[in-house]
Amino acid sequence: MIFEQIAVGQMQNFSYLIGDEESKEAAVVDPAWENDKILSIAKKHDLDIKMILVTHTDYDHISGVKDMVNATDATVYAHKEGEEGIKNLGISKIQAIDEGSEIDIGKLKVKVLYTPGHNPTQCCFLLDNKLITGDTLFVEGCGRVDMPGGDIKKQWESLQRLKKLDENIGVYPGHDYGSMPNSTIKHEKENNPYMRCDSFEEFSTIR
Ligand SMILES: [Zn+2]
């Protein structure tokens, strides 16, 4: 598997490139700000971008989606609550996803976890032992809940759910806000104040 974490733009965003070495099929997660950078890495690996996966439809995560579609003719996979927003970018090849959806990238399988809270369109993508978390979970932090569509209770529930995952699973966030670009569920359970909370009451006082 080819897996690249790509720092893009001025808001410390991460895009991701996932490629199947055999078929050369690839997906880009959250193309934004610097498509040239993403496309040149795909070219270096000789990958054919067939899919665009959207963790959520905030502008800083989708600013490159339309141009990436124009460059690759890829299908856009986004949560069903975000389908309209993607359509409004002038895109027609959209696949709505939800909890439990599976996306095949060649022989690779991506499992969709619906994790609202930061945003009603927010999904995490599980690929082997890697979890792409968007703005649900950052290294030592979590997405804010005070923006349109934010819901603190749902964010708490989504984080509680991620706490139950295998501790060795890698955490690959939507922004580079922590002490390192990626970590593990174990690291977050031990070091992330939002994951260390034992009750919603405690969570709601710090978030
Ligand atoms: Zn963001």
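Are Glu22 and Lys107 buried or exposed? In this predicted model, both Glu22 and Lys107 are exposed. Their side chains meet in a salt bridge, with an N to O distance of 2.9 Å. The pair links distant parts of the chain. Glu22 sits in the loop between strand S2 (13-19) and strand S3 (25-29). Lys107 sits in the loop between strand S7 (102-105) and strand S8 (108-114). The two residues are 85 residues apart.

Side chains of opposite charge can pair when their charged atoms come close. The structure holds 10 salt bridges. Among them is the Glu22 and Lys107 pair, and two further examples follow.

The side chains of Asp98 and Lys80 form a salt bridge at 3.1 Å, N to O. Asp98 counts as partly exposed because its relative accessibility is 23%, which falls between the cut-offs of 20% for buried and 50% for exposed. Lys80 has a relative accessibility of 48%, so this residue also counts as partly exposed.

Another salt bridge lies within a helix. The side chains of Lys186 and Glu190 meet at 2.9 Å, N to O. Both residues belong to helix H6 (residues 185-191). They are 4 residues apart there, so about one helical turn separates them. Lys186 is partly exposed, with a relative accessibility of 36%. Glu190 is partly exposed as well, at 43%.

Asp58 gives a view of a buried acidic residue. Asp58 is found in the loop between strand S4 (48-53) and helix H2 (59-62). Its relative accessible area is 17%, so Asp58 is buried; the cut-off for buried is under 20%. Leaving aside residues up to four places away in sequence, Asp58 touches His118, Asn119 and Met147. Polar contacts join Asp58 to two of these neighbours. The side chain of Asp58 makes a polar contact with the side chain of His118 at 2.9 Å. A polar contact at 3.2 Å joins the side chains of Asp58 and Asn119. Asp58 and Asn119 are 61 residues apart along the chain, and their C-alpha atoms are separated by 8.1 Å.

Note on methods
Residues numbered from 1 in each chain as written. Predicted model: local features only at pLDDT ≥ 70, side-chain atom pairs only at ≥ 80, totals over all residues. Heavy atoms only, no water. Salt bridge = Lys/Arg side-chain N within 4 Å of Asp/Glu carboxyl O. Buried < 20%, exposed > 50% of the residue type's maximum accessible area, 1.4 Å probe, protein only. Contact = heavy atoms within 4.5 Å. Polar contact = N/O pair within 3.5 Å; in protein donor to acceptor, adjacent residues only side chain to side chain.
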